[in-house]
Amino acid sequence: MINWISFFVVAFAAIASACIVVILYSLGLRLMSTAGKAPNVIPAEFTDAITVITPTEAAAEAKRIRKAAKRNPLSPTRKRLALAAAYACFALCGACVLFGIYLIIPAFHR
Amino acid sequence: MRSHRKTPVDLSLIVVLVVVLALFFDFTNGFHDTANAMATPIATGAMRPKVAVALAAALNLVGAFLSTEVAKTISGGIIHEGPGGISITPEMIFAGLVGAIIWNLVTWLFGLPSSSSHALFGGLIGAAIVGAGFGSVDYAVLVDKVILPALLAPLIAGFVAYLSTKLAYVITRRYDGQPDGRAGFRYAQIFSSSLVALAHGTNDAQKTMGVITLVFISAGLQAQGSDPQFWVILACAIAIAAGTYTGGWRIIRTLGKGLTDVKPAQGFAAETSTAATILASSHLGFALSTTQVASGSVVGSGLGRRGSSVRWRTAGRIGMGWLLTLPASAIVGALSAWAAGLGPLGILIDAVIATVVIVAIFIISARNRVSSKTALEGVNEVAQSGRVVKIRKVKPKKSAGKRSAA
């Protein structure tokens, strides 16, 4: 029969690692938007793109972000702190991914 | 490989045939599985299609060189299943590959993401049954290593994706109506999908290397238990990268648009779950199909976002494809093994029929092409793929609104 213990180990490892990466990146984005620097990434344009945003919509979104940044209630120090924390989250997230790559390369484990 | 010359002519001919077929299978594998990594970033516009497939191809190439562990398992054990080990002949491997390739191309024609590894196992099992009898397959191992993981893989991946999609949305949700920056997930998608492509390279290119090495071992050209030769690794890496770059656009459409409308946060969550599940399982020695994990993740992420709907009809079609993959490729493999059993003439007949079928599938597919080229020519690719995979168009919910379009 199937080895249920190893199955649960796999399931747990997958849940833990995916959640850690997603939580860190989401937290980074959240802190970016708290700092008034919500990223505005316009989808790549190609014929028949599935996600389409017109230039007007993109400009409106950029304006909304600028406006929100102006009305940001945080003090400059706190903004800087939030931004630094956001970058720390992204860095940590990247480190986790690199660790994952490290794990799959057997050459590192000899 | 000068040692070829010492072997009888017909033996080295079949070895050459198997190597060519195995590399073609590798090509169809890459071609079939581009979607696993790149369907969601293309769907959300994180990358242009050509850039995405080029990145996936490069990472598959790199991934193929990273490890030969899986290849060694295949050439050293998996196919020699059963007590005492059956003696697998190059003819049987040839027949199995024919089954795997034909099934891979049929599912591609219908835009179904089906498991290339299951097609390979199915083809080999069918060929082994005809070539060496029903006793040659260890059914307990088959259930344990192939069938149960196939049922569990999409469930684990779906659950992980559901959870991480929920988390991504909860963490970035802003109740004060300020910009939530979720478009920033597009950058993350580039990395998460690259990780999936890398994982695919380390897993799937290995399978072909294993098969080619197995043929050399069974033909007595290489010592038992030895590593794949360097040119085999190189050829497999190039074949899978070329296949990936060509891109199975039909399957990309099914995964990227057919199952659910993928948003950047969802895409990132789905890709991270796919990568995490594949890496966790292959690291801990639990074989899962890349394709099934990726499809499970996309459905899970669709369930995890508020106001998104999963098209269960498409999911059902994909599920049917999975159920059929093993038996269908086994039947083709068995037929082709039966023909190959007739001797050199049988193998010739096999090769001719396989070529005819492959060419026919490409001709049928050319009638309604789905490729990145049609995009350049200005033909509506989405509409075309809709016709090919028969997706019912579902209008986006009004509540989704403009804001979540970002």
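Visitor: How many helices and strands does chain A have?
Guide: In this predicted model, chain A has 3 helices and 0 strands. From the N terminus on, its elements run α-α-α.

Visitor: And what radius of gyration does chain A have, next to a compact globule?
Guide: Chain A has 20 Å, whereas a compact globule of 110 residues would have a value near 13 Å. Its C-alpha trace spans about 60 × 45 × 30 Å along the principal axes.

Visitor: How is chain A divided into domains?
Guide: Domain 1 takes 1–36 + 76–110, and domain 2 takes 40–71. The centres of these two domains of chain A, taken over C-alpha atoms, are 27 Å apart.

Visitor: What share of chain A counts as buried?
Guide: Of its 110 residues, 35%.

Visitor: One more on chain B. What span should helix H12 have?
Guide: Helix H12 of chain B covers residues 312–340, which is 29 residues, so at 1.5 Å a residue it should span 42 Å. Its end C-alpha atoms are 41 Å apart, which agrees.

Visitor: Where does H12(B) bend?
Guide: At B:Thr325, by about 45°. A proline, B:Pro327, follows within four residues.

Methods:
Residues numbered from 1 in each chain as written. Chains lettered and ligands numbered in written order. Predicted model: local features only at pLDDT ≥ 70, side-chain atom pairs only at ≥ 80, totals over all residues. Domains from an automatic or database assignment. Helix = DSSP H or I, 4+ residues; strand = E, 2+ residues; numbered from the N terminus. Expected span 1.5 Å × (residues − 1). Bend = angle between axes of the 7 residues up to and from the residue. Rg over C-alpha atoms; globule rule 2.2 N^0.38 Å. Buried ≥ 20, exposed ≤ 12 C-beta atoms within 10 Å, placed from the backbone.
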